[in-house]
Amino acid sequence: STPERLRQRYGDADYDWDYRVNTTSGAVGWRDRFLGMFHSAYQPTEPSAFHEMLHALQQMPGPDHTALNFRDFTFIDLGSGKGRTLLMASDYPFHRILGVELLPSLHRIAQENLRQYKSESQKCFTLDSICGDATDFPFPDEPLVVFLFNPFGESGMRRLVANLERSVRACPRAMYVLYHNPLLEHVLNESGFLHKISGTHQYSVFGFGGPADLAISPREGLG
């Protein structure tokens, strides 16, 4: 019953206890754990790591050389699981927040979490979870912040990058990719249209066109 034993059994449960939601890895059923072996095992993002990444992104220069304005951007988590990252992203004033999750059981839990989540720090209230294949998700024609926490193997990552490129070439606009635990960073580096603009050993920040091209109004597009 010690905190350490509880953490070993239930995963990162502190966030759930604070907000009365179900986002831990310890509560994932055996069937979804088995499916995770073929895709990517469910693991929620640590709140401290997430806020560090969002803080780093927020310092990127906007069109007037001030901090990036999240109100211009839609936040999308690919492989969103039970939706913890969506809930944490709602602490920031994004235009809207979307999650894409392949497994229906995790998607259903995410929907319940979105319904019952309450926080005094919440700034975005337009949140949604979609059940589907994130590698071919039809991205909305809006400035985007795309979040990845190793949701695919290499082949899936390459399909995603190709999909991102098709989307941004068809509708040029500002796009950032936040890649947590970037084990397949080389796939993004090889893309030719995404450029690494920041990062640590825990995460990488990529942008379409590089810092110079991103320092324009997101609604004006890129070129």
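Mentor: With helix H6, residues 104-116, in what is a predicted model. H6 has 13 residues and spans 19 Å from its first C-alpha to its last.

Trainee: What makes 18 Å the expected span of H6?

Mentor: The rule is 1.5 Å times one less than the number of residues.

Trainee: Which residues of H6 are buried?

Mentor: Leu106, His107, Ala110, Asn113 and Leu114. Each is called buried because its relative accessible area is under 20%.

Trainee: Why are the buried residues of H6 said to line one face?

Mentor: Viewed down the axis of H6, they fall within an arc of 120°, so they belong to one face of the helix. In general, an α-helix has 3.6 residues a turn, so residues three or four places apart point the same way. The face of H6 turned away from the buried side carries Arg108 and Arg115, which are exposed.

Trainee: What does H6 connect?

Mentor: The chain runs from S2 through H6 to S3, and this β-α-β crossover is right-handed. S2 and strand S3 (residues 127-131) are parallel and share five bridges. In one of these pairings, Glu101 has Cys131 in S3 as its bridge partner.

Trainee: What makes S1 and S2 a pair?

Mentor: A pair needs at least two bridges. Strand S1 (residues 74-78) and S2 have five and run parallel, so they qualify. Thr74, for instance, has Arg96 in S2 as its bridge partner. S1, H5 and S2 also form a right-handed β-α-β unit.

Trainee: Why is S2 described as largely enclosed?

Mentor: Because five of the six residues of S2 are buried.

Trainee: How many aromatic pairs are there, and what makes Phe50 and Tyr92 an edge-to-face pair?

Mentor: The whole structure has 13 aromatic pairs. The ring centres of Phe50 and Tyr92 are 6.5 Å apart and the planes lie at 65°; edge-to-face requires over 60 degrees, so the label applies. Phe50 is in helix H4 (residues 47-58) and Tyr92 in the loop between helix H5 (84-89) and strand S2 (96-101), so the pair ties together parts 42 residues apart in sequence.

Trainee: Are Phe50 and Tyr92 buried or exposed?

Mentor: Phe50 has a relative accessible area of 0% and is buried. Tyr92, at 11%, is buried as well. Another edge-to-face pair is Phe137 and Phe139, with centres 5.3 Å apart and planes at 90°. Both Phe137 and Phe139 are buried.

Trainee: Which residues do ring pairs link into a cluster?

Mentor: Phe50, Phe70, Phe75, Tyr92, Phe94 and Phe147.

Trainee: What makes the phi of Asn150 and Asn181 worth a remark?

Mentor: Most residues other than glycine have a negative phi. Phi is positive in Asn150, near 50°, and in Asn181, near 55°. Asn150 sits in the loop between strand S4 (144-148) and helix H7 (154-170), while Asn181 is in the loop between strand S5 (175-180) and helix H8 (185-189).

Conventions:
Residues are numbered from 1 along each chain as its sequence is written. This is a predicted model: local features need pLDDT of at least 70, side-chain atom pairs count only at pLDDT 80 or more; totals for chains, interfaces and linings use all residues. Side-chain values use heavy atoms; hydrogens and water are left out. Helices (H or I, at least four residues) and strands (E, at least two) are DSSP runs, numbered from the N terminus. Rings of Phe, Tyr and Trp (its six-membered ring) pair if their centres lie within 6.5 Å; planes under 30 degrees apart count as stacked, over 60 as edge-to-face and the rest as tilted. Buried means under 20% relative accessible area, exposed over 50%, partly exposed in between (1.4 Å probe, protein chains only). The arc is that of the directions from the helix axis to the C-beta atoms. A crossover is right-handed if, with the strands pointing away from the viewer, the path from the first strand over the helix to the second runs clockwise.
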